[in-house]
Amino acid sequence: MKPEAEPRTSPVLRGSALLDRVDYRLIETPEDKDLIYALRYKAYLHAGLILPSESRRVSDRYDDAPNAWIFGVYLDGELCSSLRVHALTPEWRMSYSTELYGDILHSRLDRGEVFVDPARLAADPEKARLFPELPYVTLRLAYLACDHFNADTGLAMVRPDHQPFYRRVFLHEPIGEPRAFPGWHAMKTSLMASDFRRLREKVMARFPIMRSTQFERQMLFERQATLSPVIDLPQFLPRQPSISPIA
């Protein structure tokens, strides 16, 4: 076994098999969004990140941002986890990362860089206990987005206890010191990042679950005009790739 290889019993390898049972759903209707907001509340309350509220929901102004995609991850038809993915370009900068770390990110966006910024990761506590591979399956969406949008850099605002996972899987490193996250009363987050173009093949070699086809990426990130407002975002069309796509 190569030193970089994952053990055969590792969650990521089990996650590869789990993909056959997973359905990624783009969340767009008010009813489906409400289910996601309730899932976030349940997950964040269980983790001690938030205080109880009467609404029993967690949402924010970026849920309706035109550069955000909210996904539900369904396992055997049951909602297990969720992730919001932001594509950040010089024209479209709406996310908590640019709000909290604008002093770091805006100058890079001014130079024309493209970021993929996952946010609002949430998993049902019981499902997360039963399926330790769930973080790999859920955050895979962010890696697919990096490929689809031909991102320069993958970002993540990460709580301290989750940083080792992002270092090991995505080769992220901190680029911003811990700062308070809106609504979290007990924990701060740090901004982490990795050079997607330089590290892409290394990550995919170690974690083949991160590979995808162009068809899968298009199905996830190219919105249907019948379901979403028609927004002119030509900069979100994939640029001519500087790397060979995985087909």
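What is the volume of the largest pocket? I looked this up first.

**Entry: the model.** I note that this is a predicted model, in which local features need pLDDT of at least 70 and side-chain atom pairs count only at pLDDT 80 or more, while totals for chains, interfaces and linings use all residues. Residues are numbered from 1 along each chain as its sequence is written, and side-chain values use heavy atoms, with hydrogens and water left out.

**Entry: the pocket.** I find a volume of about 790 Å³ for the largest pocket. A pocket is an open set of points on a 1 Å grid over the protein atoms alone, where a 1.4 Å probe fits, with protein on both sides within 12 Å along at least five of seven lines. The volume is the space filled by probe spheres set on the points, which are joined across faces, edges and corners.

**Entry: the lining.** I count 36 lining residues, each with an atom within 4 Å of a point. Leu121, Ala122, Ala123, Arg159 and His162 lie nearest the centre of the pocket. The lining divides into 26 nonpolar, six polar (Gly among them by definition) and four charged residues (Asp, Glu, Lys and Arg). Strand β4 gives the largest share, seven residues; strands are DSSP runs of E of at least two residues.

**Entry: strand β3.** β3 pairs (at least two DSSP bridges) with β2 in the antiparallel sense over eight bridges, and Val73 stands opposite Ser81. β3 also pairs with β4, antiparallel, over seven bridges; there Leu88 has Phe115 as its bridge partner.

Technical notes
Helices (H or I, at least four residues) and strands (E, at least two) are DSSP runs, numbered from the N terminus.
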